[in-house]
Amino acid sequence: MTQDEVDGLVPRWQEAGMPAALIASLEISKRMSRVHMVFDQAMKAELAELGLTTAEFDVLAALARSAPPHRLKPSELSRSLFLTSGGTSNVLQRLAAAGYVERADNPGDARSRWVQLTAEGLRVANLALDGAGRAHAEAMAGVPEPTLRRAADALRELTLALGRRGR
């Protein structure tokens with residue numbers, strides 16, 4: 001079996017007397033960080049061309065995925081994207097200033113508002129989603145599809161076992 005950089009750390013962890021389960025957890029954590037870094041770098045390159053941050057992309061993508069008229073409440077965005085309400089507010093202010101989203105009153109609830117994509121916001125969201133697809137394809141170029149499938153399935157098992165922790 002071919003080894004990676006993380007495998008080089010395992011003997012030191014074993015010598016330190018760490019239990020096998022902890023070593024496996026550390027291996028997962030280190031490898032997930034490495035994979036995340038590869039995706040993150042590829043995404044940032046694509047998003048930079050559109051002048052977007054990752055958080056801005058996430059909000060635009062969430063709104064684009066919602067049914068027309070592509071609107072959600074800020075609280076729904078915060079929950080689905082794991083952002084704080086303050087973080088969501090900051091991102092929405094930047095997107096509104098760029099003309100990508102607009103806020104509208106919610107006639108059904110005077111205490112809440114809607115955030116809706118503008119036509120330009122939908123255009124940019126679609127460009128960004130296309131770029132995200134390219135970034136992911138480029139990041140995983142050369143990795144056999146069965147390997148990707150096994151990794152995705154294994155990570156699903158892991159996230160299901162962890163439950164709602166970390167949300």
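This is a predicted model: local features need pLDDT of at least 70, side-chain atom pairs count only at pLDDT 80 or more; totals for chains, interfaces and linings use all residues.
Student: How is helix 4 oriented relative to helix 5: roughly parallel or roughly perpendicular?
Tutor: Helix 4 covers residues 74–81 and helix 5 covers residues 85–97, and their axes come within 9 Å. The two axes cross at roughly 115 degrees. Angles of 65 to 115 degrees count as roughly perpendicular. Helix 4 is therefore, relative to helix 5, roughly perpendicular.

Student: Is the crossing of helix 4 with helix 5 left-handed or right-handed, and which residues of helix 5 make the contact?
Tutor: Helix 4 passes helix 5 in a right-handed crossing. On the side of helix 4, the contact is made by Pro74, Leu77 and Ser78. Helix 5 contributes Ser85, Thr88 and Leu92.

Student: How many charged residues are there in the contact of helix 4 with helix 5?
Tutor: The residues of this contact include three that are nonpolar and three that are polar. The number of charged residues is given as no charged.

Student: Which residues of helix 5 meet helix 3, and how does the contact divide by class?
Tutor: From helix 3 come Ala55, Glu56, Val59 and Leu60. They meet Val91, Leu92, Arg94 and Leu95 in helix 5. By class, this contact of helix 3 with helix 5 has six nonpolar, no polar and two charged residues.

Student: Which helix gives the most to the lining of the largest pocket?
Tutor: The largest pocket has a volume of about 670 Å³. Of its 20 lining residues, Arg31, Met32, Val35, Ala151 and Leu155 are the closest to the centre. Helix 2 (20–50) and helix 7 (145–162) each supply at least two residues of the lining. With ten residues, the helix that gives the most is helix 7.

Student: How many residues in the lining of the largest pocket are nonpolar?
Tutor: The lining of the largest pocket holds two polar and four charged residues. The number of nonpolar residues is 14.

Student: How many charged residues line the second largest pocket?
Tutor: The second largest pocket has a volume of about 390 Å³. Its lining includes Met1, Asp4, Glu5, Lys30 and Arg34. By class, three lining residues are nonpolar and two are polar, while the charged residues number six.

Student: Which residues does the cis peptide bond join?
Tutor: Most peptide bonds are trans. Here, the cis bond has an omega of about 20 degrees. One of its residues, Pro69, is in the loop between helix 3 and strand 1 (71–72). The residues joined are Pro68 and Pro69.

Student: What is the phi of His70?
Tutor: His70 is found in the loop between helix 3 and strand 1. Most residues other than glycine have a negative phi. For His70 the value is positive, near 60 degrees.

Methods:
Residues are numbered from 1 along each chain as its sequence is written. Side-chain values use heavy atoms; hydrogens and water are left out. Axes are lines fitted to C-alpha atoms, for helices over the stretch in contact, and angles run from 0 to 180 degrees between N-to-C directions. Helices (H or I, at least four residues) and strands (E, at least two) are DSSP runs, numbered from the N terminus. Angles under 35 degrees count as roughly parallel, over 145 as roughly antiparallel, 65 to 115 as roughly perpendicular and the rest as oblique. A crossing is left-handed if the near helix is turned anticlockwise from the far one by less than a right angle, and right-handed if clockwise. Contact means heavy atoms within 4.5 Å. Ala, Val, Leu, Ile, Met, Phe, Trp, Tyr, Cys and Pro count as nonpolar, Asp, Glu, Lys and Arg as charged, and the others, Gly among them, as polar. On a 1 Å grid over the protein atoms alone, a cavity is a set of points where a 1.4 Å probe fits but cannot get out, and a pocket is an open set with protein on both sides within 12 Å along at least five of seven lines; lining residues have an atom within 4 Å of a point. Grid points are joined across faces, edges and corners, and a volume is the space filled by probe spheres set on the points.
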